Amino acid sequence: MPRTDGEQALIERFSNTYRHLTQSETMLEIERAVCGCDYGCTSWTTREEADDIGNILGLGPATRYLEIGAGSGWPGLYLAKRTGCEAALIDLPLEGLQAARKRADKDGLAERCRIVQADGAALPFPGGRFDAIYHSDVLCCLVEKQAVLEECRRVAGNQAKMVFSVISIATGLSDADYGTAAAGGPTFIESPMDYAEMLACTGWTVTARGDVTAEYSETFAKMFGFEKANVDEIERVHDAEGAADLMARRQRTLEALERNLLRREIFAAVPAG
Ligand SMILES: C[S@@+](CC[C@H](N)C(=O)[O-])C[C@H]1O[C@@H](n2cnc3c(N)ncnc32)[C@H](O)[C@@H]1O
C-alpha cells in the first residue's frame, strides 16, 4: 500500500527520534524517571501499564506474541524478558528496529524475538499465527487504521487476545476545539469512526475498554517538565530546529490536555464469534 508524503515524513521523524533517544544517556535517564524503562520509548506506556497488559494478554513461555509499531523494543522486549514469551516485533523505521535488535542481543532474547521491518497493514505472517497482539499508541500514528486491525485479525488465532492503547479526540467538541485537539494530538489522531465500531467492523469483539487519560496527562506533564529542564540536551541531540519543533508540539499537546480535548484509552478484544 503506497504511503502518503505525510506518513513517510512521520516514519522519518520516528527514525530520527529512535536514534536520538537511544544514543543519549540523559534522554534514557528521563525515560527511566518518567516511564520506568530505557528503550527509547515514544508511546505513553509506562512500566506499570506494560505489566498490566502482559497480564491481560496472559503472556507466558507458550505464548506467541506480536507487537505492531514496536519502535526500539518497548514494551515488546521488556514483556518477552519478563514473561518468557516468543515475540515478533514489527515496525517501519530502521533506526528503531536496529536499536531493538541490539537490545534483544544484549538481553539474551535473540533466539525467541523476531524483529522485522514491516507495515502493520501488510503483515508478513501466516493466518492464525499469534496468541497475543499488542500496539501502544500506534493507530493514532498511521492512516490505515482499519487495514491494520484487519491484518491483526487475520494473523490472530481463534483464541487470541489483542490489546492496544490509542489517543483520540474527545467527543462532542466545537469545530474550534476539534482543531485544537487535532493539532495537539499525534499526527494521525483523526479517525473515521470510534475504535469500538472499527473493531466490530474488522472481526473483533471488544471485551474491555478503559479510559487512561488521567494517567496519560500525568505522564505527559512529567515528561515535558524533564524535557524543559534539559532543553540543552534536546537541542544537542535533535539540533535547534528539531528541538523547537518538539517543544512546540509538546506545548500544543499540553494545551489540548489541559482543556480535556484529548483522550487515551486501552481496548481489549478477541476474535468475533
Ligand atoms: C507511539 S510509537 C510507539 C512505539 C513503541 N511501541 C513505543 O511504545 O515506544 C508508534 C509507532 O508506530 C509505528 N508505525 C507508524 N505507522 C506504521 C505502520 N504502517 N506499520 C507499522 N508501524 C507503524 C511508528 O513507526 C512508531 O514506531
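Colleagues, the model is a predicted one: local features require pLDDT of at least 70, side-chain atom pairs count only at pLDDT 80 or more, and totals for chains, interfaces and linings use all residues. Residues are numbered from 1 along each chain as its sequence is written. Helices (H or I, at least four residues) and strands (E, at least two) are DSSP runs, numbered from the N terminus.

I begin with the sheet. It is open and mixed, and its 7 strands follow the order E3-E2-E1-E4-E5-E7-E6; two strands pair if DSSP finds at least two bridges between them. Strand E3 (113-117) and strand E6 (204-211) are the edges, each pairing on one side only. On average, neighbouring strands are turned by 15° against each other, direction ignored. Angles here run from 0 to 180 degrees between N-to-C directions, and axes are lines fitted to C-alpha atoms, for helices over the stretch in contact.

Let me turn to strand E5. How many of the 14 residues of E5 are buried? The number is 11, so E5 (residues 156-169) is largely enclosed by the rest of the structure. Buried means that 20 or more other C-beta atoms, placed from the backbone, lie within 10 Å of a residue's own; with 12 or fewer the residue is exposed, and in between it is partly exposed.

E5 pairs with strand E4 (residues 130-136) in the parallel sense over 6 bridges, and Ser136 stands opposite Ser165 there. From E4 the chain passes through helix H6 (residues 145-155) to E5 in a right-handed β-α-β crossover, that is, clockwise from the first strand over the helix to the second, with the strands pointing away from the viewer. With strand E7 (residues 262-271), E5 pairs in the antiparallel sense over 8 bridges. Within E7, Arg264 is the bridge partner of Ile167, and Phe267 that of Phe164.

Helix H3 (residues 47-57) packs on this sheet, touching E4, E5 and E7, and its direction makes about 150° with that of E5.

Next, the helix pair. The axes of H1 (residues 5-23) and H5 (residues 94-106) come within 7 Å and cross at roughly 35°. In contact (C-beta atoms, placed from the backbone, within 7 Å) are residues including Phe14 and Tyr18 of H1 and Leu94 and Ala99 of H5.

Finally, the ligand. Of the 23 residues around the ligand, Cys41, Ser43, Gly69, Gly71 and Gly120 come nearest; a residue counts as near if its C-beta atom, placed from the backbone, lies within 6 Å.

Note on methods
Contact = placed C-beta atoms within 7 Å.
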